[in-house]
Amino acid sequence: MEAARGFAVEAARLAQNTRCHAVTILDVSNLSPVTDFFVIASGTSARQMRTVADELSELGEQRGFKAYRTDGYESASWIVVDLVDVVVHLFSDEARRYYDLENLWGDAPTVEFAPPAPDEPRV
């Protein structure tokens, strides 16, 4: 599970570094039978969200978390990248408010993450 936590942090940093905002990591390992972490982020446009989804899939493959499935890619409101142990949700602001996953999974603790240190390689 530590590998999944590390990858969730990398995925959150990638989203944050590619202009997503309100990036959150939820540890759902004790609540969900299918995944350990949700990374939730709001994108700035459908194009930007697709770019982030593509980059997350590439990062996952490099780190041994190959994307099992991506859904909503043509949507302008919600793209899901299922990397099995980590599921990334990329929302438009409106869709994020509507689905409110943070409230739905309110029992899940958040995972704090910080931007990489200046000497740490960026994702």
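## Charges, fold and contacts in a predicted model

Modeller: In this predicted model, the protein carries 11 positive and 20 negative side chains, and the centres of those two sets lie 6 Å apart.

Colleague: OK, and what does the secondary structure come to?

Modeller: The secondary structure comes to four helices and five strands, and read from the N terminus on, the elements follow the order α-β-β-α-β-β-β-α-α.

Colleague: What radius of gyration does the protein have, and what would a compact globule of 123 residues have?

Modeller: The protein has a radius of gyration of 13 Å, which agrees with the value near 14 Å that a compact globule with 123 residues would have. As for the extents, the C-alpha trace spans about 35 × 30 × 25 Å along its principal axes.

Colleague: Let's zoom in on Met49. Where is it, and is it buried or exposed?

Modeller: Met49 has its place in helix 2, which covers residues 46–63, and Met49 counts as buried because its relative accessibility is 1%, where the cut-off for buried is under 20%.

Colleague: Which residues is Met49 in contact with, leaving aside neighbours within four places in sequence?

Modeller: With those neighbours left aside, Met49 is in contact with Gly43, with Ala76, Ser77, Trp78 and Ile79, and with Leu90, Phe91 and Ser92. There is also a C-alpha separation to give for Met49 and Tyr73, which are 24 residues apart along the chain and whose C-alpha atoms are separated by 8.4 Å.

Colleague: Trp78 and Phe91 are both on that contact list. Which aromatic cluster do they belong to?

Modeller: Trp78 and Phe91 form one aromatic cluster together with Tyr98 and Tyr99, and for the protein the count comes to six aromatic pairs. One of the pairs is Tyr98 with Tyr99, which is edge-to-face, with 4.9 Å centre to centre and 90° between the planes.

Colleague: Why is that pair classed as edge-to-face?

Modeller: The planes of Tyr98 and Tyr99 have 90° between them, and planes over 60 degrees apart count as edge-to-face, so the pair falls in that class.

Colleague: And how do Tyr98 and Tyr99 stand on accessibility?

Modeller: Tyr98 counts as exposed because its relative accessibility is 66%, with the cut-off for exposed at over 50%, whereas Tyr99, with a relative accessible area of 39%, is partly exposed.

Colleague: Switching to Thr70, where is that, and what is it in contact with?

Modeller: Thr70 has its place in strand 3, residues 69–71, and is partly exposed with a relative accessible area of 32%. Leaving aside neighbours within four places in sequence, Thr70 is in contact with Ser57, Ile79, Val80 and Val81. Ser57 is 13 residues from Thr70 along the chain, and the C-alpha atoms of the two are separated by 8.7 Å.

Colleague: Now the backbone: what is phi for Ala22 and for Val84?

Modeller: Phi of Ala22 is near 55° and phi of Val84 is near 65°, each a positive value in a residue other than glycine. Ala22 is found in strand 1, residues 21–27, whereas Val84 is found in the loop between strand 4 (78–82) and strand 5 (86–91). On accessibility, Ala22 counts as partly exposed at 47%, and Val84 counts as partly exposed at 41%.

Colleague: Last one, Gly106: where does it lie, and is it buried or exposed?

Modeller: Gly106 lies in the segment after helix 4 (101–104), and is exposed, with a relative accessible area of 52%. Gly106 and Leu26 are 80 residues apart along the chain, and their C-alpha atoms are separated by 9.0 Å.

Conventions
Residues numbered from 1 in each chain as written. Predicted model: local features only at pLDDT ≥ 70, side-chain atom pairs only at ≥ 80, totals over all residues. Heavy atoms only, no water. Helix = DSSP H or I, 4+ residues; strand = E, 2+ residues; numbered from the N terminus. Rg over C-alpha atoms; globule rule 2.2 N^0.38 Å. Lys, Arg positive; Asp, Glu negative; His and termini not counted. Charge placed at Lys NZ, Arg CZ, Asp CG, Glu CD. Buried < 20%, exposed > 50% of the residue type's maximum accessible area, 1.4 Å probe, protein only. Contact = heavy atoms within 4.5 Å. Phe/Tyr/Trp six-rings, centres within 6.5 Å; stacked < 30°, edge-to-face > 60°.
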